[in-house]
Structure formats: structure tokens, C-alpha cells
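Here's a quick briefing on a few charged pairs and a greasy spot. Have a look at the structure first, then read on.

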Amino acid sequence: MRLSCDGRQARVRPHTPREGAIDNATDVTASNFTCVVRPEWIDNNGHMNMGYYVVVFDLATDEWMRVIGLDAAHRRTQEVTTFCLEAHVTYHREVRERDPLRFTTRLLGYDEKRIHYIHEMFHAEADYLAATNELMSLHVSQTTRRGAPMTLEILDRLGHIQRAHDRLPRPPQVGRVMGLGARPTTR
């Protein structure tokens with residue numbers, strides 16, 4: 001099932017993922033999230049405002065957490081949650097009102113308390129990379145509000161995903177450093 005940004009099932013035209021892209025059509029370990037750019041997300045430049053990229057990437061993160069087992073039921077029963085420790089967005093091509101979006105998520109690494117991953121946002125019909133969002137999340141006890149180890153079940157699931165994702169080429173946006181000396185993300 002493809003989930004949309006409003007939580008309903010979404011329909012997106014079939015596609016062929018580019019090299020390195022992961023989705024449920026090719027690998028069951030990836031998240032499967034789609035969205036359509038809403039009119040209220042458009043800025044004075046006629047494209048999606050940068051703040052809404054973060055909003056939509058956060059919705060993709062919710063789906064990613066569900067895929068790895070850190071869903072609402074798990075968080076409630078285990079009294080845990082996740083906090084974002086760091087996030088980095090790169091913008092490649094603009095998206096406009098009503099453009100369909102699809103997201104892939106790749107696990108870059110994890111330990112007992114942290115998850116490092118990257119989302120790629122694609123135009124779902126034209127199949128171009130629009131943006132990326134690299135994140136580091138911390139698994140947190142809701143009681144202490146401090147980092148807490150994940151359950152063995154979640155760690156096993158992450159291990160399975162990591163083995164699959166390690167076979168893929170690393171996106172060039174991973175670990176990107178911002179500065180005037182850095183190569184631009186667009187041409």
C-alpha cells in the first residue's frame with residue numbers, strides 16, 4: 001500500500017527507480033510514502049516553499065519509523081519515541097502545486113540508540129530527484145526524556161535493512177558539508 005501525506009492510500013503512476021533508489025517495488029525494507037504538493041505549500045516563487053520540504057520529509061519519516069517497527073503502537077506500549085538530533089536538506093529541482101511526490105528512504109547506519117538515514121524526494125511522474133533529507137534520530141524514553149536502547153526486535157529489523165541497503169551506492173548528498181567551497185547540489 002502506498003501512503004499519502006494525508007494518511008490515505010495514494011495512487012502513483014508506476015515507475016522504474018533510478019540506480020540506488022529503493023522502494024517497495026524492489027526492496028521490502030524501504031518505506032513507501034507518496035504525497036501531492038498542496039496549494040498552501042506554494043510560495044511567491046510559484047514552487048513549494050523550503051519549510052514545507054521539511055514538513056513533507058517529516059511525514060516520510062513517520063512512514064519510515066512505521067516500516068522499521070517504531071510505529072505508534074510500539075511507542076505507546078514501550079513508552080518510547082524518537083527525537084531528531086540533526087537534519088540536512090539539499091534542494092535539486094523545484095516542485096510545484098499538485099506535483100505528485102514519492103519518497104525512498106535508505107538506512108545509512110544505526111547503533112542501539114541512534115538511526116542515521118536519508119530520504120530522497122522524487123517527482124513521481126517525471127522521476128527526477130527534487131530534494132534529499134539526511135537525518136540522525138535518537139531513540140528516547142518518554143519517562144526520562146533521555147536516549148534509550150531500542151528493543152532487540154527493532155535492532156534485528158534494522159540489521160536486516162542495513163544488509164540490504166549496504167549493497168546500494170551511497171547517495172552523494174550523504175555527509176555533505178555546507179560552505180562556499182562545497183560543490184553545488186544542482187547544475
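With which residue does arginine 114 form a salt bridge? The partner is aspartate 111, and the closest N and O atoms sit 2.5 Å apart. Bear in mind that this is a predicted model.

**Salt bridges**
- The count comes to 6 salt bridges, with a side-chain nitrogen of Lys or Arg within 4 Å of a carboxyl oxygen of Asp or Glu as the rule.
- Side chains of opposite charge can pair when their charged atoms come close.
- In the pair from the opening question, arginine 114 is partly exposed at 38% relative accessible area, and aspartate 111 is partly exposed too, at 28%.
- Arginine 96 meets glutamate 94 through their side chains, at 2.9 Å from N to O.
- Arginine 96 counts as partly exposed at 42% relative accessibility, and glutamate 94 is also partly exposed, at 34%.

**A pair within helix α1**
- Arginine 66 and glutamate 63 join up in a salt bridge at 2.6 Å, N to O.
- Both belong to helix α1 (residues 50-68), and they are 3 residues apart, or about one turn of the helix.
- Glutamate 63 counts as buried because its relative accessible area is 5%, under the 20% cut-off.
- Arginine 66, on the other hand, is partly exposed, with 42% relative accessibility.

**The nonpolar patch**
- Met50, Val54 and Tyr91 make up a nonpolar patch on the surface, and together they have about 290 Å² of accessible area.
- Tyrosine 91 is found in strand β2 (residues 80-91), and its 33% relative accessibility makes tyrosine 91 partly exposed.

Terms used
Residues are numbered from 1 along each chain as its sequence is written. This is a predicted model: local features need pLDDT of at least 70, side-chain atom pairs count only at pLDDT 80 or more; totals for chains, interfaces and linings use all residues. Side-chain values use heavy atoms; hydrogens and water are left out. Patches are made of residues with over 30% relative accessible area and no salt bridge: like charges are joined within 9 Å, nonpolar side chains (Val, Leu, Ile, Met, Phe, Trp, Tyr) within 5 Å. Accessible areas come from the Shrake-Rupley method with a 1.4 Å probe; for residues, only the protein chains shown count as cover. Helices (H or I, at least four residues) and strands (E, at least two) are DSSP runs, numbered from the N terminus. Buried means under 20% relative accessible area, exposed over 50%, partly exposed in between (1.4 Å probe, protein chains only).
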